[in-house]
Amino acid sequence: MMKSIFSALALLGYVRLGAASASGIGGMMGGMMRNGPDEEGMRAMMSPENRGPMQTGMELFERHRQVHRKVTFLPDGIHAVTISAVPETVALLQAHVEQMYARLAEDRPFPYPMSRSVPVMFAHPTLYQRKLTMLKDGIAVTETSNDPEMVRVIHAHAREINRFVQDGMPAMMRKMM
């Protein structure tokens, strides 16, 4: 079963079969994709329209050890600097944030059922301000809000990303279990 799930994901370009099979992630992902509470969200996340952002995200999970991140929690939001010494990883980081911010500006939600913060951020993009600065070795992001609830969401999202950078794919998988 695990092999067939990862074969399908590899065929769609979401994972590399060798790395995925070795990691043992298939059983967890397979459980979520079949009759799980977020089955619809998982299908939407992997739809053709979301293929680009998913591929970028999967690449970043694979490269998490090449990424360094410092977040300053502000009373009204966060300032985060995310960098890498690997040019290909820098390009992925920058592309990912640009893709997500473009989707926010275009009101094109990104279904991400493993996150509690992402759906809220996409549902209320006018409740917070975003500033993106490209760095030669990464990206700097400042997100702020006057709304206390949105500040909590911004903080939660920063903590989620910190876990992704620290642990890679297992951090996301824990949300799926």
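**Cavity and salt bridges in a predicted model**

Modeller: About 760 Å³ of space lies in the largest cavity. A cavity here is a set of points on a 1 Å grid over the protein atoms alone where a 1.4 Å probe fits but cannot get out, and lining residues have an atom within 4 Å of a point. Points are joined across faces, edges and corners, and the volume is the space filled by probe spheres set on them. This is a predicted model, in which local features need pLDDT of at least 70, side-chain atom pairs count only at pLDDT 80 or more, and totals for linings use all residues. Residues are numbered from 1 along each chain, and side-chain values use heavy atoms, without hydrogens and water.

Colleague: Which element supplies the largest share of the lining of the largest cavity?

Modeller: Helices and strands are DSSP runs numbered from the N terminus (helices H or I, at least four residues; strands E, at least two). Among those that supply at least two lining residues are helix H6 (87–105) and helix H8 (148–167). The largest share, seven residues, comes from H8.

Colleague: Which residue meets Glu-149 in a salt bridge?

Modeller: A salt bridge needs a side-chain nitrogen of Lys or Arg within 4 Å of a carboxyl oxygen of Asp or Glu. The N to O distance is 2.3 Å, and the partner is Arg-152.

Colleague: How many salt bridges does the count come to?

Modeller: Arg-63 pairs with Glu-59 at 3.2 Å, and Arg-108 with Glu-106 at 2.7 Å. With Glu-149 and Arg-152 also meeting in a salt bridge, the count comes to three.

Terms used:
On a 1 Å grid over the protein atoms alone, a cavity is a set of points where a 1.4 Å probe fits but cannot get out, and a pocket is an open set with protein on both sides within 12 Å along at least five of seven lines; lining residues have an atom within 4 Å of a point.
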